[in-house]
Amino acid sequence: MTSISERVQAIQLHIQQAAQTAGRTADEVHLLAVSKTQPAARIREAWAAGQHAFGENYLQEALDKMKDLVDLPIEWHFIGPIQSNKTRPIAEHFHWVHGVARFKIAQRLNDARPDHLPPLNVCIEVNVSGETSKEGVTPLEVPELAHAIGTLPRLKLRGLMAIPAPGNDTAQQRRQFGMLRQQLASLNSQRFALDTLSMGMSHDFPAAITEGATIVRIGTAIFGPRAVVIR
Ligand SMILES: *Cc1c(COP(=O)(O)O)cnc(C)c1O
């Protein structure tokens, strides 16, 4: 069996190759290791292999692991759906929040962000697949939400995030990632200076990198398949 450390290295190499093929450099693409459902000991293993940013979906599970891993200066990213009654602990314990899709949630995160910490990095989640079941604002709603978040002093809007429809058709993956890239370019042609496209998971990150991803969120390809968790 391959170790976590070998898989982190293999993914880094794959990221580098995809970036080079796209005429980009590997340092433009950051690997976020998605550690939901994985025990703290496996995060430690990935850390030892040089992986310093981790993504979690479930608040209580993440807080428990943070306690176990308090000796490591990990950069924690919240990537799950955000319930409004959980905004305070999220604002207190994470460095990034990827899935902001409502102004009310942004406001609550802003109000709960402690003054002694730097502004919380956030991305707007965009629904690029048009599936009605999906979280995220429609592309048309992005500029208004971006401007509104721009007024919140304790948040730093970094860019956009998307979870496209699943599927192994590379052309379809690229269309959806390309839509997010165009959205970011359009904001930046107004008065934004956003640097983040959070897109690409284990099965589609090469296409995301081709389309300009700056953060790829990868779980299964590093840690192996997740056990099903009943909540
Ligand atoms: C679980 C998850 C990932 C990682 O997915 P893998 O297919 O395991 O790489 C990425 N992004 C989000 C938002 C997730 O919930």
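Biologist: Which residues line the largest cavity?
Modeller: The largest cavity is lined by Pro164, Ala165, Pro166, Gly167, Asp169, Gln172, Gln173, Gln176, Phe177 and Asp204. A cavity here is a set of points, on a 1 Å grid over the protein atoms alone, where a 1.4 Å probe fits but cannot get out, and lining residues have an atom within 4 Å of a point. The model is predicted, with local features needing pLDDT of at least 70 and side-chain atom pairs counting only at pLDDT 80 or more, while totals for chains, interfaces and linings use all residues. Residues are numbered from 1 along each chain as its sequence is written, and side-chain values use heavy atoms, with hydrogens and water left out.

Biologist: What volume does the largest cavity have?
Modeller: Its volume is about 40 Å³, where a volume is the space filled by probe spheres set on the grid points, which are joined across faces, edges and corners. Searching the whole structure finds one cavity of 30 Å³ or more.

Biologist: Now the pockets: how much space lies in the largest pocket?
Modeller: About 550 Å³, and a pocket, unlike a cavity, is an open set of points with protein on both sides within 12 Å along at least five of seven lines. Its lining is made up of 22 residues, and Lys36, Asn57, Ile163, Met201 and Arg226 lie nearest the centre.

Biologist: What takes up the space of the largest pocket?
Modeller: The ligand does, and a molecule is said to sit in a pocket if more than half of its atoms lie within 2 Å of the pocket's grid points.

Biologist: And which residues come nearest to the ligand?
Modeller: There are 13 residues around the ligand, and Lys36, Asn57, Ser202, Thr220 and Arg226 come nearest, with a residue counted if one of its heavy atoms lies within 4 Å.

Biologist: How much space lies in the second largest pocket?
Modeller: About 350 Å³ lies there. It is lined by 18 residues, with Trp76, Glu92, His93, Phe94 and His95 closest to its centre.
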